[in-house]
Amino acid sequence: MLHELLLALLGYTGDLIVDEREQQDTLRINLSPDAPISEECFTFKLAPDISFIQPSERDAIERIIKLGFYYRELDRFATKSRNLSWIRSSNESPSSRTSELFKGKKEKQSVYRRAIANGIAEVLSVYRSAVLHIEQNLLSDSLPILATVTQGLNKFLVLLPPLYELILEIERDGYCGGRLLNLLHKRCHCGVPELQTCIQRLLWHGHQVMYNQLASWMIYGILHDQYGEFFISRLESRDAENDSPAEVVERLTSMSTNDASLTDWHSGFHISLDMLPEHIPMRVAESILFAGKAVRVLRNPSPAIRFQGAIAYQQMPRGSQRPQLSTSRIFFTKDSSSQNKSTGEELLPQSDADKIETMLQNLKESSEFHKRSFESAIDSIRVIAASHLWQLVVVRADLNGHLRALKDYFLLAKGDFFQSFLEESRQLMHLPPRLSTAEAYLMIPFQLAAVKTIGDDDRYFSRVSLRMPSFGIPVKSSQVDLPKTKAYVDGDSIVQSETSLEVPLDGWDGIALEYSVDWPLQLFFTQEVLSKYRRIFQYLLRLKRTQMELEKSWASAMSQDHSDFAKHRNDSRSCLTSHQRRQHFRPMWRIREHMAFLIRNLQFYIQVDVIESQWNVLQSHIQNSHDFTELVRFHQEYLSALISQSFLDIGSVSRILDGIMKLCLQFCWKIENQESDEITVELEQISEEFNKKSNSLYTILRSTRLAGSQRAPFLRRFLLRLNFNSFFEATARGVLNVVRPRPTLAVLH
């Protein structure tokens with residue numbers, strides 16, 4: 001009887017100890033390894049027809065044979081999860097492989113569940129050894145008793161039942177990957193030391209799989225996740241599941257390595273929150289994601305290029321918009337794969353790859369998961385990857401030179417170039433742009449300005465191109481009084497402006513620049529970053545254009561006045577008329593001076609107090625930092641500071657500034673027709689509207705909420721320049737508190 005009890009403890013029932021499920025033939029219970037784990041507990045029972053066993057012995061036997069039931073179910077789970085029959089032999093036909101693959105899709109495989117099954121197999125091995133030891137004791141004992149069995153297996157009564165509940169929950173809810181690690185991590189927190197040690201061992205087995213995936217990802221940049229269980233996953237994996245193999249191959253072949261690298265960096269991988277273990281913080285997971293993507297970039301550089309020192313550009317002709325790359329830095333070779341491999345080894349030295357592998361191996365060999373050690377190792381790996389990516393982008397790709405070029409052209413640091421461009425295109429911009437030819441017409445003054453101001457040593461200008469991507473908000477016909485047909489003459493070319501093909505004159509506000517960026521700078525200068533630069537450029541160009549028009553209007557009027565005075569200085573009647581005319585338009589020039597005063601101070605504030613100060617901050621960060629992620633963050637802060645301190649993110653302020661610049665341009669265009677009385681009335685309306693907007697602007701900027709915040713640390717200087725003699729403050733207070741009749745042209749004194 002004791003030997004049959006020992007067999008039952010290993011899952012083999014007989015005549016003395018029976019399985020109640022086997023007795024129920026109508027249920028047709030499937031006890032194969034592939035069958036689901038039984039949710040009906042304690043089906044092992046003593047045969048009811050046995051009468052020679054005392055009730056106390058029956059209770060002891062039924063209590064101990066529960067371990068046999070748990071053992072059998074745990075063994076079935078381990079056998080099922082460790083089944084490697086899906087690994088096909090090399091001599092199978094393709095058709096059989098396809099059919100097996102189709103059948104295998106019915107039940108999802110799990111590497112993590114297989115690892116947990118290995119841990120359970122270890123526990124069951126200890127249990128079998130205990131049963132074998134009990135058998136040896138019974139054989140050696142002259143008087144074998146039941147207490148020998150119960151005493152030897154008591155410790156398993158606190159292990160096997162919780163393990164059975166664990167596998168039952170795993171099977172029922174389909175736990176795998178990070179979710180399975182979460183379940184085990186929660187079960188580790190219990191008050192039974194033996195059970196806690198056992199669950200920690202299972203968790204160790206699960207972490208072994210995770211460490212292998214981390215090693216593949218962070219050492220080689222390869223995402224080895226056959227069943228979608230890792231917390232780093234591809235974004236396109238869901239869409240790719242619905243694609244046919246031919247579509248997948250076609251998509252991969254049509255995508256160059258350069259495009260694939262950029263896609264992987266910006267949107268190829270993401271953190272799957274469902275599979276992220278709770279004991280791994282989100283910050284650490286982001287470091288793991290970054291390190292793997294950085295290693296992918298360093299291991300798989302663009303195959304057609306090889307960096308040798310800093311990037312150097314060969315100066316290209318002014319008329320061409322396509323950059324011509326110097327042969328000193330780019331080599332086109334036939335054996336691009338071997339060249340790509342050698343370049344990857346240079347970008348990520350083998351010694352650093354060995355350091356990463358050693359750190360992960362130390363974590364893998366640890367018997368327990370130590371959160372602090374894990375986070376410290378991940379941070380160290382991230383630093384290694386970030387430093388090499390910094391070396392690639394900053395040193396080899398000459399990041400600082402490109403940042404300076406963006407400052408020169410997008411932030412108007414090359415003021416002489418844009419001054420020349422606006423002067424050359426001034427007559428053209430007096431006409432509404434045509435949809436079909438506006439960009440082509442702008443290229444003429446753009447190239448002329450480049451010839452005049454850009455030297456041959458500027459190797460970045462070849463990357464800059466002019467675009468008219470969109471047009472501005474239409475203006476009313478009453479605001480811009482221009483003839484329906486005019487001509488812009490440039491050499492032998494005459495451009496006719498036809499009203500049927502025109503857009504409103506504010507369409508010139510859509511002038512934008514584009515900057516050509518090569519690999520690996522595309523990792524740094526994303527489309528979002530370049531769009532922010534374009535937004536700032538359009539704002540600054542409108543501001544500079546407004547300032548130039550105000551200056552040109554004054555110069556033109558003074559030139560005309562001096563010419564009239566020289567012609568009629570000997571004619572007393574004409575001289576008196578000229579004097580009366582000057583007196584009549586004196587309020588108009590006072591308004592112009594107020595406009596110019598506001599625009600000049602705003603331009604000085606943005607160019608000096610905002611752009612130059614933030615540029616110096618960025619440069620100090622670049623000099624002191626050797627981390628790519630820090631560099632990206634510093635650059636984002638730089639752009640955010642430019643936008644916020646220029647008030648581009650404050651709708652009320654930006655709308656007022658846009659309105660003021662439009663009023664200034666309308667004022668300049670109106671004074672070209674000074675002879676008409678209607679023009680004088682319109683100038684009065686412009687001056688009145690300008691007063692309202694400028695006073696509203698000052699009132700908003702001097703508010704405690706804005707002027708006292710850290711978003712505009714130099715705003716007080718700007719306000720001091722505007723209100724150095726308390727004029728703006730007094731005017732704004734009068735406009736807000738006093739209801740006055742409509743002023744004449746000489747409103748500002």
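User: I'm new to this structure. At what angle do helix α6 (residues 111-140) and helix α8 (residues 160-173) pack?

Analyst: Welcome! This is a predicted model. In it, α6 and α8 pack at an angle of about 160°, and their axes lie 12 Å apart. Angles over 145 degrees count as roughly antiparallel, so α6 and α8 are roughly antiparallel to each other. Their crossing is left-handed.

User: Which residues of α6 and α8 meet there?

Analyst: From α6 come Arg113, Ile120, Val123, Leu124 and Tyr127, and they meet Leu160, Leu163, Ile167, Ile170 and Glu171 of α8. Sorted by class, this contact holds 8 nonpolar residues and 2 charged ones, with no polar residue.

User: Now for another pair. Are α10 and α17 roughly parallel or roughly antiparallel to each other?

Analyst: Start with the angle again: the axes of α10 (residues 193-220) and α17 (residues 371-396) cross at roughly 15° and come within 13 Å. Angles under 35 degrees count as roughly parallel, and α10 and α17 are therefore roughly parallel to each other. The crossing of α10 past α17 is right-handed.

User: And which residues of α10 and α17 make the contact?

Analyst: On the α10 side they are Met210, Tyr211, Leu214 and Met218, while α17 brings Phe374, Ile378 and Ile381. This contact of α10 with α17 has 7 nonpolar residues, no polar and no charged.

User: Stepping back, how many helices and strands are there in the protein?

Analyst: The protein has 30 helices and 8 strands. Of its 749 residues, 48% are buried. As for contacts between residues at least 6 apart in sequence, 80% join residues at least 24 apart.

Terms used:
Residues are numbered from 1 along each chain as its sequence is written. This is a predicted model: local features need pLDDT of at least 70, side-chain atom pairs count only at pLDDT 80 or more; totals for chains, interfaces and linings use all residues. Side-chain values use heavy atoms; hydrogens and water are left out. Axes are lines fitted to C-alpha atoms, for helices over the stretch in contact, and angles run from 0 to 180 degrees between N-to-C directions. Helices (H or I, at least four residues) and strands (E, at least two) are DSSP runs, numbered from the N terminus. Angles under 35 degrees count as roughly parallel, over 145 as roughly antiparallel, 65 to 115 as roughly perpendicular and the rest as oblique. A crossing is left-handed if the near helix is turned anticlockwise from the far one by less than a right angle, and right-handed if clockwise. Contact means heavy atoms within 4.5 Å. Ala, Val, Leu, Ile, Met, Phe, Trp, Tyr, Cys and Pro count as nonpolar, Asp, Glu, Lys and Arg as charged, and the others, Gly among them, as polar. Buried means under 20% relative accessible area, exposed over 50%, partly exposed in between (1.4 Å probe, protein chains only).
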